Amino acid sequence: MSLIGAVQEVGQSLRKKIVEPTPDAGSASRPDPLMEQRDGLVGAPIARIDGAVKVQGQARFAAEFSFDDMLYGALVFSTIARGRIDQLDTAAAAAAPGVRLVMTHQNAPRMAPLPVFMSAPKAAGGEQLAVLQDRFIHWNGQPIAVVLADSQEQADHGATLVRVSYLADSAVTSLNDAIARGCTAGAFMGTPLTFDRGDAEGALVAAPCRVDAVYQTPCHNHNAIEPHAVTVAWQGKQLLVHDASQGVSHTAWSLAHVFAIDEQQVQVSAPFVGGAFGGKTLWRHQVLAAAAAKLAGRPVRLNLSRQGVYRIVGGRARTVQRVALGAQADGHFDALIHTGLSLTTASRSMPEPFILPARCTYAASHIKLGVHTANVDMLANTFMRAPGEAVGSFALESAVDELALLLAIDPIALRLRNEATRNPTDNKPFSTRHLRQAYEDGASRFGWQRRQPQPGARQQGEWRIGMGCATATYPYYRLPGGAARLTLSAEGRVRVEIAAHEMGMGTATVHSQILAERLALPLSQVACIVGDSSLPGVVLAGGSQQSAAIGAAVRAAQEQLFAELLKLAGRASPLAGLQLAEVQARDGGLCRRDAPQQWLSYTDLLAQAGRTQLVVEASAAPPLETQHWSKHSFGAIFCEVGVNCISGEPRVQRLLGCFDCGRILNASLARSQLRSGMIMGIGMALMEETLFDERTGRIMHANLADYHLPVQMDVPEIDVMWTDIADPHTPMGARGIGEIGITGTAAAIANAIYNACGVRVRDLPITLDKLAG
Ligand code: MOS
C-alpha cells in the first residue's frame, strides 16, 4: 500500500476529514501571500512558547502521567535470536513483593498481529508477528513477559526472577550469512528502489577517469533523550494512551486493530515528546502495556529502560554500498552507479533507501541505481533521521571527493560542473534549486580558499588539519491528511487544534507565528494545540513534512474562517457583500483589500452577529503540486578536522552548513534543527555503531555508556546559514528542515579527514584505530 493510501485509510476509520484528490488543488494552487512577507512574524527568531513550561517541569511526558491504582511494568527479553520457549517458570516472579501480574504468551489476551507501520495487516507485505501470542522467538531481545507491580523497582526485580529455557533454531545474524541466504530487490514504502538510464556499466569502463569503491555503514539505535514510554488506562470501553509518539492518529488506529475495537474507542495523547527521529512509532510496548492493563484491570505505566529501547525499538539498518563514477578529464560525469545492500527482516522490509541522493543530485549521462535487501533474524529496523539520504550521501559524496582528487579538480568545482538543471531520474524541473549559491556563500564564510588540496599539508602541533565538504540533500514531502480546527473567541483570541506533534522542534511556536500573521493578531492572542489523536487531521511528524502538512491545513482553515465571518457580516457592515478574495486581515480584523480603512475587528464581527465564538474545521487540499515539480532541499556542508598524529583521534574543529530549504519560518528554531542534524552527523561519522554478538544476534552495548554519541566536548561551534529563497510551489514557500542536517555531514567529515591525513575510511564510524599509524 502507498503511504498516501495508508493515510487515507487511517483518516477514514478515525472518521476524520481527509479530502480526496481532485484536479482543482484549491488554495494550494494559489500563491501564498505569506511567502514574500518579510518584516512580520514569519521567519522571526521567536523563542519556543513552550520553553517556560518545560524548564519549570510542568510539561508532562508520557511516563509522567499517573492514574489512581496504577501498576508499573517491566519487560523480560529473550536471549536467543530464533526458536521457541521450552520451559517458562513465572512462580518466583509472581510471588515477589509487590508483583501483581506476570503476563506471558500463556495468559495474554488474544490480540491481532501488530500492523506494520501505518498499514493494515498484510498490506505492506512480510509475515505479521503476533505480540505475546505464542512461544516463538524472532529476535534476540523480543519481550517474552511483562511483570506488573506496585512500584517500578518491584517490577524490575520481579522481571529478574522469570525463568525461561529455549529450544533454539539456527539463526541468520551476520551480513555474510544473510547474503548467502539470498538477496532480493528492495522497495521503500511500496516504491521499488531501482533506476536505470543508458548503459552505466559500459560508460564507466569507457570513461577516462573513474572511482569504484565500496562504503559501509553500520546499524544505529534510536537514542532520544526521552526513552519510549506509555501510560495506559482502560476507562470502560475506552483505551486512553499517554504515549511518546510522532504519529498519534496512526497509533490509535493500529491499537484499535490489535484489540479489535472501534477506532473511536482509542485516544492517544502525546502533548510533548522528548525527541524523536523516526523511532517513536508503534512498537510492542504500547500493545503490551494495554494488554497487561486489560488483564490486571488496572492502569499501567510501562517506561522502557534504555536497554528496553535497544531491545525492542529498531534503528537504522546496516548497508554495504558501491559507488562508481566515470568522468571525463574536465569532470563531467559519464556514469553514476550507486548500488548495494541493506539488511532487513522478514517481518518488515524497510531497507535504507540509500540511492535517494543519487536520484536528484547530479546530471550524469548514464545512471544505474539499486538497493537489494537480505534478511537477518534480528530486530526489525525502521526510519531514522533521513533514512536513505544520511547513509547514501556518505557513500556518494565520499566518492565524489575521491574523484576530485584523482582529477585534481576542486571538490566544489567538480560538484558544480555536474549540477543538475532538471531531476536526472524523472526529468521534472526543480521547484527551486540554489545549491550553487549555498556552496558559494558557505565557502566564502568558511574560508574554503585556505584549504590545501594535497592531503597532509597542514599540521599544528601533533594535529594534522584538513578541510572537506559534501552536498546535503533531502526531498520535500507533504502527505495528505492535514486538517485543522480554528476557534475564534468573543475576545478575539484564536486557537488552532491539529493532531500533530511537538517533539522539541517548536511545532506550536512556528504555527502560532504563522496563524498570528495570517489573522493579523498579536502572538499572545494565538494558541496552537497539538498531540492528541482526537484532534483533526492525520498528520505524521516524519519525512520532514509536518510543517507543510500543518501549514496547508491552517491556511485552509483560515480561509474558511474568513468565509464564515463574511457570512456573519451584516448589511450595514463595511464588509457587507464582499467575497473571500476581496478581503484581508489587518489589525485583529478584516478589511477590504482595495480599501483597508473599511475594517471591522473580529470581536465586533462576532458581537454584531450575537456569537460568543466561531469554530471552523478544514482539510488541506491534497498535495498535487508534487506531481509537477521535483522538490528537493539541498545544502553545502563544510568541515575542518584535526587528526592526532600519535593516537589517530579525529576531532571535528569547525562545521558549517549552508542550506537551501525554501523559506525559513523561524530563524532560531531552524538553526537549532539544522545544527542538531549536523551533530547527529558527527555521531554517524565518528561514533555511532550498534555492536552485535554475531553468534547470537544480541546487542552487546544496550546502554548510553557504551553506545557512543557526541557529547558537548565532541561538538564544536557550528555555523548554520541559508539562502532563504521561497519555494513558490509549497505552502508558505518552505521545505522541511528536520532531516537534511544529518545528510552530507558524515561525508564532509570523512573528506576532511582524508585531506588532513591521507587516509580514506569507507566504513563508518571513523574511529581512531582506522587512522592511527
Ligand atoms: Mo523522520 S526518520 O521521518 O522521523
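Trainee: In which helix is the place of His285?

Mentor: His285 belongs to helix 8, residues 284-296. Helices here are DSSP runs of H or I with at least four residues, strands are runs of E with at least two, and both are numbered from the N terminus. The model is a predicted one, in which local features need pLDDT of at least 70, side-chain atom pairs count only at pLDDT 80 or more, and totals for chains, interfaces and linings use all residues. Residues are numbered from 1 along each chain as its sequence is written, and side-chain values use heavy atoms, leaving out hydrogens and water.

Trainee: Why is His285 called buried?

Mentor: Buried means under 20% relative accessible area, exposed means over 50%, and partly exposed lies in between, with a 1.4 Å probe and protein chains only. His285 has a relative accessible area of 1%, so the residue is buried.

Trainee: Which residues is His285 in contact with, leaving aside its neighbours within four places in sequence?

Mentor: Contact means heavy atoms within 4.5 Å. The contacts of His285 include His228, Ala229, Asp243 and Leu302. One of these, Ala229, has Asn303 of strand 15 as its bridge partner.

Trainee: What makes strand 12 and strand 15 a pair?

Mentor: Two strands pair if DSSP finds at least two bridges between them. Strand 12 (residues 229-235) and strand 15 are joined in the antiparallel sense over 4 bridges. Strand 15 (residues 300-303) also runs parallel to strand 1 (residues 71-77), with 2 bridges between them. There, Tyr72 is opposite Arg301.

Trainee: How do you know that the span of helix 18 agrees with its number of residues?

Mentor: The expected span is 1.5 Å times one less than the number of residues. For the 13 residues of helix 18 (residues 745-757) this gives 18 Å, and the end C-alpha atoms are 18 Å apart, so the two agree. Helix 18 is also mostly covered, as 13 of its 13 residues are buried. Just after helix 18 comes Gly758, with a positive phi of about 75°.

Trainee: Why is Cys219 too far from Cys183 for a bond?

Mentor: A disulfide is a pair of cysteine sulfur atoms within 2.5 Å. The closest cysteine sulfur to that of Cys219 is in Cys183, 15 Å away, and therefore too far for a bond. The structure holds 0 disulfides. Cys219 has 17% relative accessibility and so counts as buried; Cys528, at 10%, likewise counts as buried.

Trainee: What makes Asp719 and Arg445 a salt bridge?

Mentor: A salt bridge is a side-chain nitrogen of Lys or Arg within 4 Å of a carboxyl oxygen of Asp or Glu. The side chains of Asp719 and Arg445 meet at 2.9 Å, N to O, in a salt bridge. Asp719 lies in strand 32 (residues 718-722) and Arg445 in helix 13 (residues 435-446), so the pair ties together parts that are 274 residues apart in sequence. Asp719, at 28% relative accessibility, counts as partly exposed, and so does Arg445, at 46%.

Trainee: Where do Asp660 and Arg735 lie?

Mentor: Asp660 and Arg735 form a salt bridge, with the closest N and O atoms 3.5 Å apart. Asp660 lies in strand 29 and Arg735 in the loop between strand 32 and helix 18, so the pair ties together parts 75 residues apart in sequence. Both Asp660 and Arg735 are buried.

Trainee: How many salt bridges does the count come to?

Mentor: The count comes to 33 salt bridges. Asp69, Arg100, Asp150 and Arg298 are linked in a network of salt bridges.
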